[in-house]
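Here are my notes for your review, arranged as numbered points. They take the ligand surroundings one at a time and then turn to how the chains are related.

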There are 2 protein chains.
Amino acid sequence: MSFKVGIIGAGPSGLAMLRAFESEQKKGNEIPEIKCFEKQDNWGGMWNYTWRTGVGKYGEPLHGSMYRYLWSNGPKECLEFSDYTFSEHFGKPISSYPPREVLFDYIEGRIKQSNARKYIKFNTVARWVDYDEESKTFRVIFDDLANNRTFEEVFDYLIVATGHFSTPNMPYFKGIDKFPGAVMHAHDFRGADQFSGKDILLVGSSYSAEDIGVQCYKHGVNSVTISYRSNPIGCKWPEEIKEVALLTHFEGDTAYFKDGSSKRFDAVVFCTGYQHKFPFLPDSLRLKTKNCLYPDKLYKGIIFNEATNLLYLGMQDQYYTFNMFDAQAWFARDYMLGRVAIPDKLEREKDIKEWMDNEARTVSGDDHIDFQTAYIKDLMNNTDYPDFNLDKVADLFKSWLKDKEDNILTYRDKVYQSVMDDVHAEKHHTPWIKELDDSYERFFEE
Amino acid sequence: MSFKVGIIGAGPSGLAMLRAFESEQKKGNEIPEIKCFEKQDNWGGMWNYTWRTGVGKYGEPLHGSMYRYLWSNGPKECLEFSDYTFSEHFGKPISSYPPREVLFDYIEGRIKQSNARKYIKFNTVARWVDYDEESKTFRVIFDDLANNRTFEEVFDYLIVATGHFSTPNMPYFKGIDKFPGAVMHAHDFRGADQFSGKDILLVGSSYSAEDIGVQCYKHGVNSVTISYRSNPIGCKWPEEIKEVALLTHFEGDTAYFKDGSSKRFDAVVFCTGYQHKFPFLPDSLRLKTKNCLYPDKLYKGIIFNEATNLLYLGMQDQYYTFNMFDAQAWFARDYMLGRVAIPDKLEREKDIKEWMDNEARTVSGDDHIDFQTAYIKDLMNNTDYPDFNLDKVADLFKSWLKDKEDNILTYRDKVYQSVMDDVHAEKHHTPWIKELDDSYERFFEE
Ligand SMILES: Cc1cc2nc3c(=O)[nH]c(=O)nc-3n(C[C@H](O)[C@H](O)[C@H](O)COP(=O)(O)OP(=O)(O)OC[C@H]3O[C@@H](n4cnc5c(N)ncnc54)[C@H](O)[C@@H]3O)c2cc1C
Ligand SMILES: Cc1cc2nc3c(=O)[nH]c(=O)nc-3n(C[C@H](O)[C@H](O)[C@H](O)COP(=O)(O)OP(=O)(O)OC[C@H]3O[C@@H](n4cnc5c(N)ncnc54)[C@H](O)[C@@H]3O)c2cc1C
Ligand SMILES: NC(=O)c1ccc[n+]([C@@H]2O[C@H](COP(=O)([O-])OP(=O)(O)OC[C@H]3O[C@@H](n4cnc5c(N)ncnc54)[C@H](OP(=O)(O)O)[C@@H]3O)[C@@H](O)[C@H]2O)c1
Ligand SMILES: NC(=O)c1ccc[n+]([C@@H]2O[C@H](COP(=O)([O-])OP(=O)(O)OC[C@H]3O[C@@H](n4cnc5c(N)ncnc54)[C@H](OP(=O)(O)O)[C@@H]3O)[C@@H](O)[C@H]2O)c1
């Protein structure tokens with residue numbers, strides 16, 4: 001096979017791409033030449049925890065947004081790979097909401113069985129991409145960070161799997177420049193311990209605000225105030241956590257809110273989401289979107305409509321994660337192998353618009369789940385990724401939303417049944433709210 | 001004049017370059033086409049304070065390392081422009097150690113008198129540079145951050161004035177990943193207030209450690225421990241500040257040191273210096289150096305020896321700052337205008353080596369000052385930058401070193417005489433250690 005595929009990023013999406021090719025090779029079929037480049041020193045993407053903040057060892061914007069004590073915020077039964085189950089990996093049932101280290105182990109477990117690592121060059125950042133219209137190839141400049149050395153490679157297909165929860169969206173509020181306490185974005189939050197006994201303000205009302213709020217509560221904060229722009233999260237919060245209207249400004253260490261209230265704080269954490277950022281791509285190849293379920297310009301959520309040999313993986317907002325990335329990677333593989341034909345540009349545009357219009361009509365959390373379920377079904381119809389009961393997963397997601405609403409402090413104690421192999425999860429030895437140790441060792445203690 | 005000059009960065013060095021061309025134009029001489037690109041939304045480089053940390057509004061690694069309450073750490077008489085004095089700018093004598101905002105005003109004062117702003121495109125980052133060997137031109141890709149749009153420009157000369165105190169050097173110490181308190185690099189330190197009443201550890205023993213230590217003392221820290229690798233700073237510290245041998249590792253919130261001692265801390269600030277980082281330059285054009293007074297490969301500290309139409313400004317470690325950048329910019333201008341001839345490559349290499357050998361022989365602070373003084377003299381011999389008595393400035397620097405050694409808490413209360421216009425500085429209305437307000441308004445209160 002005489003074409004060359006470049007994959008940028010070895011997070012769950014990039015690894016799914018490698019795995020998709022591997023499964024093809026195992027069937028005895030030929031695969032193209034593949035190279036994968038990862039700016040961190042290990043695979044796992046977001047799941048590769050780092051204590052660093054700001055920039056990494058070599059001065060690149062740091063990828064990791066995960067923190068100590070981070071546990072899955074959705075049931076593991078919703079993200080399970082259909083070709084490698086949790087019980088296959090751990091050899092026994094585990095609980096439904098594992099901590100980061102345990103999930104990292106699971107992600108790594110599948111890919112370690114293959115020779116994928118040999119395709120990956122670590123500590124290597126994609127610096128710049130030029131597209132040659134004539135040969136329809138990409139010239140990619142890479143920066144070998146450990147050796148402070150640049151080099152180029154040419155590819156027929158380029159896969160962008162660089163994630164989109166790394167570049168903080170950090171709005172300005174009047175007076176923030178004089179706020180005397182700590183100010184950070186959720187991206188740089190590394191653990192709740194330092195806020196024990198403190199009064200902290202969280203701006204934003206989505207997953208990060210919810211989870212950082214509860215983490216701080218768990219680790220002994222004095223009070224958490226969550227300030228929302230559009231809608232409050234609306235959980236039944238413990239007394240220490242309150243939601244208020246949007247922040248208007250600061251005076252010294254005091255924050256003022258739209259509803260006229262005000263409060264003194266020790267620290268502010270902006271949980272205001274992330275930007276899709278592709279500094280290595282020129283205008284003509286750059287995906288420009290906010291965080292949503294169906295970004296514009298991506299046919300089937302993957303193929304860049306302006307240059308169909310440029311593929312993006314994992315660019316959607318995520319209910320589904322690992323198994324959605326798999327469905328995308330399998331689709332991308334079959335497309336590159338010429339097995340999936342795509343219609344002409346206008347048709348593709350129409351198709352994209354239809355999906356986008358459908359997304360615009362979604363209202364509730366349940367609607368979003370149904371939308372993403374339909375999207376994955378559409379992909380899977382075209383590939384041999386081991387089929388699984390997506391409707392059942394959608395139902396799990398819907399119960400999860402309800403569980404959180406019922407009790408934000410105990411939803412992680414619930415257990416579910418695997419859709420892939422029917423194994424029932426086991427209750428964890430300790431209620432989540434009492435479990436202050438998130439290590440792998442502690443998790444598997446009897 | 002038919003050549004085109006691209007300047008990357010509008011900090012003091014980039015602005016010096018614009019000013020050098022302006023002064024040529026004012027003499028009625030023709031100048032080349034100039035464009036300057038600055039990734040921040042204003043000029044002033046390091047002096048353009050930001051409350052943000054990590055990455056900026058548009059997700060670029062943040063440039064600013066300055067913090068609230070930062071005052072000049074050298075006498076203003078040592079950094080004064082020879083063509084625009086402090087008394088000309090402020091219309092009256094001021095004290096010798098002004099706060100950041102006052103120095104920013106001074107930097108801006110000179111450049112505002114010109115039309116320099118029209119040459120500068122803000123919120124625009126140099127993303128990638130290709131060199132065309134044949135035409136000897138640079139193709140530079142820029143990223144217009146506010147509009148998320150890339151574009152290219154071609155230049156005959158490229159001036160890299162991007163500074164080198166922005167990319168943290170952040171070593172790893174065992175156990176740091178589990179340290180429960182705040183961990184940051186000096187680059188992300190924004191003010192001492194949040195450490196009031198706390199026990200903090202500073203790693204490193206140069207200017208950042210010294211000043212952040214004293215700042216924290218001033219703002220009510222409980223204790224500061226400075227851990228050095230090579231040598232202690234060796235000031236006469238107040239009781240609350242102590243120096244200890246190098247950190248070996250952490251266990252929980254306790255740090256252990258080489259001398260066998262240990263201590264519990266609330267926070268750690270790494271004052272371990274910065275990396276020269278040029279992500280936008282290919283290997284063949286990239287300066288690779290540690291922080292020193294004479295980086296390798298730069299002829300006259302400016303001209304890249306492998307491609308003599310690539311010039312670097314301000315890449316040296318800095319005793320001298322603003323007037324050294326001026327001397328470099330004036331030299332660079334005259335070189336580009338063809339007025340300064342340079343010898344062949346081997347000769348240049350020999351010259352560079354000689355300077356580097358001389359630097360290697362320096363031992364004391366006084367030696368370093370003499371070395372940098374000699375360097376600037378060498379540059380000024382070739383240009384019409386208004387001459388000034390460099391030996392007098394060197395003497396000032398030497399007294400400054402002594403003043404700091406005598407009393408680290410009061411050295412900023414000393415006043416000196418301008419070498420440029422002989423004006424005597426005035427004592428500030430409040431001793432530095434008691435002055436908790438660093439604003440422009442407060443500085444000029446009667
Ligand atoms: C705080 C937080 C918590 C989360 N918790 C959960 C959870 O509990 N459950 C869940 O299912 N999902 C969770 N997610 C969602 C998470 O995004 C996905 O699980 C998954 O990591 C996405 O995979 P990805 O490969 O698309 O992107 P990423 O995991 O972000 O990986 C992208 C990779 O690309 C690399 N990269 C980036 N730029 C370059 C470049 N220029 N050159 C080379 N390499 C580059 C990065 O270093 C990284 O390794 C969480 C996300 C965040 C931010
Ligand atoms: C904490 C601290 C305190 C200091 N205090 C003093 C002091 O008291 N007195 C003193 O004389 N000096 C001080 N300095 C030294 C300071 O470095 C110099 O005063 C001066 O700012 C250096 O000027 P410069 O233009 O070379 O670099 P900078 O001031 O760093 O400016 C470089 C400019 O380039 C821009 N840039 C970078 N990359 C790109 C890109 N890819 N594209 C476009 N633009 C880019 C940056 O945004 C920035 O504006 C201090 C430095 C630090 C770190
Ligand atoms: N495993 C875990 O426990 C865990 C923990 C944290 C995060 N995560 C994951 O991380 C990902 C990102 O979640 P996220 O919460 O960081 O981002 P997000 O879901 O994109 O939410 C962004 C939030 O910021 C608000 N916002 C944006 N701009 C604002 C402004 N200018 N002023 C005020 N508010 C503003 C938005 O409000 P509007 O509603 O008004 O737009 C929204 O509430 C998700 O995939 C999530 O699952 C997981
Ligand atoms: N105006 C102000 O008040 C002010 C305040 C702060 C900074 N500044 C300026 O900022 C610039 C940078 O100063 P800086 O102090 O940040 O950097 P610096 O002068 O380069 O010093 C770096 C320090 O880090 C130490 N170090 C490096 N790697 C280390 C490691 N692995 N372990 C332990 N120690 C390590 C070095 O020790 P060794 O000696 O062993 O190499 C050195 O002490 C200077 O121009 C300074 O003037 C000014």
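Predicted model: local features only at pLDDT ≥ 70, side-chain atom pairs only at ≥ 80, totals over all residues.

1. The shell around ligand 3, sorted by class, consists of 11 nonpolar, 10 polar and 3 charged residues.

2. Ligand 3 has 24 residues around it, and those that come nearest are A:S205, A:S206, A:S208, A:R229 and A:S230. In terms of secondary structure, the element that gives the most to this shell is helix α5 of chain A, which spans residues 207–218 and supplies 3 residues.

3. Several polar approaches to oxygen atoms of ligand 3 can be listed with their distances. The side chain of A:S208 places a polar atom 2.5 Å from an oxygen atom of the ligand, while for A:S205 it is a backbone N or O atom that lies 2.9 Å from a ligand oxygen. A:Y207 likewise takes part through its backbone, with a polar atom 3.1 Å from an oxygen atom of ligand 3. Taken on its own, ligand 3 has 940 Å² of accessible area, of which the protein covers 81%.

4. Turning to ligand 1, the surrounding residues number 31, and the closest of them are A:S13, A:E38, A:M46, A:H63 and A:T321. By class this shell divides into 15 nonpolar, 14 polar and 2 charged residues.

5. Which elements of chain A each supply at least two residues of the shell around ligand 1? They are α1 (12–26), β4 (124–132) and α6 (322–336), and the largest share, 3 residues, comes from β4 of chain A.

6. The polar approaches to ligand 1 involve both backbone and side-chain atoms. A polar backbone atom of A:P12 is 3.2 Å from an oxygen atom of the ligand, and a backbone N or O atom of A:N73 lies 3.1 Å from a ligand oxygen; from the side chain of A:Q40, an N or O atom is 3.1 Å from an oxygen atom of ligand 1. The protein covers 92% of the 980 Å² of accessible area that ligand 1 has on its own.

Technical notes. Residues numbered from 1 in each chain as written. Chains lettered and ligands numbered in written order. Heavy atoms only, no water. Near = heavy atom within 4 Å. Polar contact = N/O pair within 3.5 Å; in protein donor to acceptor, adjacent residues only side chain to side chain. Areas by Shrake-Rupley, 256 points an atom, 1.4 Å probe, with all protein chains shown as cover. Helix = DSSP H or I, 4+ residues; strand = E, 2+ residues; numbered from the N terminus. Nonpolar A, V, L, I, M, F, W, Y, C, P; charged D, E, K, R; others polar.
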